[in-house]
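Here are my notes after going through the model you sent. I've kept them to a few points on helix packing, the surface and charge pairs.

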Amino acid sequence: MLKTPESNSEPIWLVIFRLLRWHKPEGRLILMIPALWAVFLAAAGKPPLPLVGVIVLGTLATSAAGCVVNDLWDRDIDPQVQRTRDRPLAARTLSIKVGIGVGIVALLCAAVLAFYLNPLTFWLSAAAVPVILLYPGAKRVFPVPQLVLSIAWGFAVLISWSAVTQNISQPTWLLWGATVLWTLGFDTVYAMSDREDDRRIGINSSALFFGNYAPLAIGIFFAGTIALLACLGISIHLHIAFWISLVIATIGWVWQSLQLSKPNLPNPVYGEMFRQNVWIGFILLAGMIAGSL
C-alpha cells in the first residue's frame, strides 16, 4: 500500500487552490466546452455576453464543487492511487471540515448564478446537483461510473441551450448525445492510467469494464460523437467552418484511437490524450461559432 504523504507548510489558500484543481485547468475547461458549444449554437453564434459570463462562472463553480465532493468521497481511497495520493484531503493537508465548507461555498456560488437563468434552466441546474453528488459513489457500485460522469457533463448542454431558447429541442438532444459519448471516450482514456490501482483496491471504471476492448470502445464513442455532431450540423444548417473543425476533430480522434491500440503505453500518454481533447473541443467551438454566423 502506498504511504500517505506528510502534511506540509503550504498556505491554506494554496491547498484549497489544489483541492479545486485550479492548478490543472484542463479539467475545468473540458466541462466548460460543451456548455459553450450549447450557448453559442442555441444563439446562432451570438449569445448575450452576460449570459456567456454566467455560463463560464457556473461551470467553474460546478466543477469546483464536483472536485471537492469527489475528494471527500475518496479521501481514504486516493492515498492508495499514485496519481491522486497528493490531493489535499488524501494527504491530510486539509481537514474534512474545511473541505465540506469549500464545497458548500462552491455550490452556493453555482446556485446564485442559476437564479439569473429562466425557470426551466434553473430546475435543470437543480437536477444536475444529485448527479454531481452521487457520481463519486458510482465507482463503488456501478461497473461503468464514467457513464454517470458523462450524464453530468450532458447537463451542461441542457442548461446552456435552454438558457438561450427556454426550451429543449431535437438539436439539443443531438448535442447532448455527442457530449455524453465524447465524455465517455476521453474519460475512459483518462481512466486507463489508473487501471492497476483501481483493480487492486476494487474500484470500478470503464477502462476495467471494457478490458482489452477499451481502445475499441473509445473508438466507438468517438465515432458516435462524430456522427451526432454531423447530424447536428445538418439539422441546424451549420456552414463550412464547422465541417472543417469536425474533420480536424475526427483526425485527432482517429489518431488517438490508433495510438491506444498499441500495447504497453506509458501512463503519461493517457493524460496527454485527455489534454488533447481540450484542444479538440475548442477547435470544434471555433468551428461552431464561425459556422453559425
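1. Is the crossing in which H3 passes H5 left-handed or right-handed? Keep in mind that this is a predicted model. H3 passes H5 in a right-handed crossing. Helix H3 covers residues 49-73 and helix H5 residues 119-141. Their axes sit 8 Å apart, at an angle of about 35°.

2. As for who touches whom there, H3 brings Thr62, Gly66, Val69, Asn70 and Trp73. On the H5 side, the partners are Ile132, Leu133, Tyr135, Pro136, Gly137, Lys139 and Arg140. Sorted by class, the contact of H3 with H5 has six nonpolar, four polar and two charged residues.

3. Next, the other helix pair. H1 packs with helix H4 (residues 96-114) at an angle of about 65°, and the axes are 11 Å apart. The crossing of H1 and H4 is right-handed. In this contact, Ile12, Ile16 and Leu19 of H1 meet Val98, Gly99 and Val102 of H4.

4. Isoleucine 12 belongs to helix H1, which spans residues 12-19, and Ile12 touches H4 as part of the H1 contact. Ile12 also belongs to a nonpolar surface patch with Trp13, Phe17 and Trp22. Together, the four have about 450 Å² of accessible area.

5. Finally, the charges. Side chains of opposite charge can pair when their charged atoms come close. The structure holds nine salt bridges. One of them joins the side chains of aspartate 71 and arginine 87, at 3.6 Å from N to O. This pair links distant parts of the chain, with its residues 16 apart. Aspartate 71 is in helix H3, while arginine 87 is in the loop between H3 and H4.

Note on methods
Residues numbered from 1 in each chain as written. Predicted model: local features only at pLDDT ≥ 70, side-chain atom pairs only at ≥ 80, totals over all residues. Heavy atoms only, no water. Patch = residues over 30% accessible without salt bridge, like charges linked within 9 Å, V, L, I, M, F, W, Y side chains within 5 Å. Areas by Shrake-Rupley, 256 points an atom, 1.4 Å probe, with all protein chains shown as cover. Helix = DSSP H or I, 4+ residues; strand = E, 2+ residues; numbered from the N terminus. Axes fitted to C-alpha atoms, helices over the stretch in contact; angles between N-to-C directions. Left-handed = near helix turned anticlockwise from the far one by under 90°. Contact = heavy atoms within 4.5 Å. Nonpolar A, V, L, I, M, F, W, Y, C, P; charged D, E, K, R; others polar.
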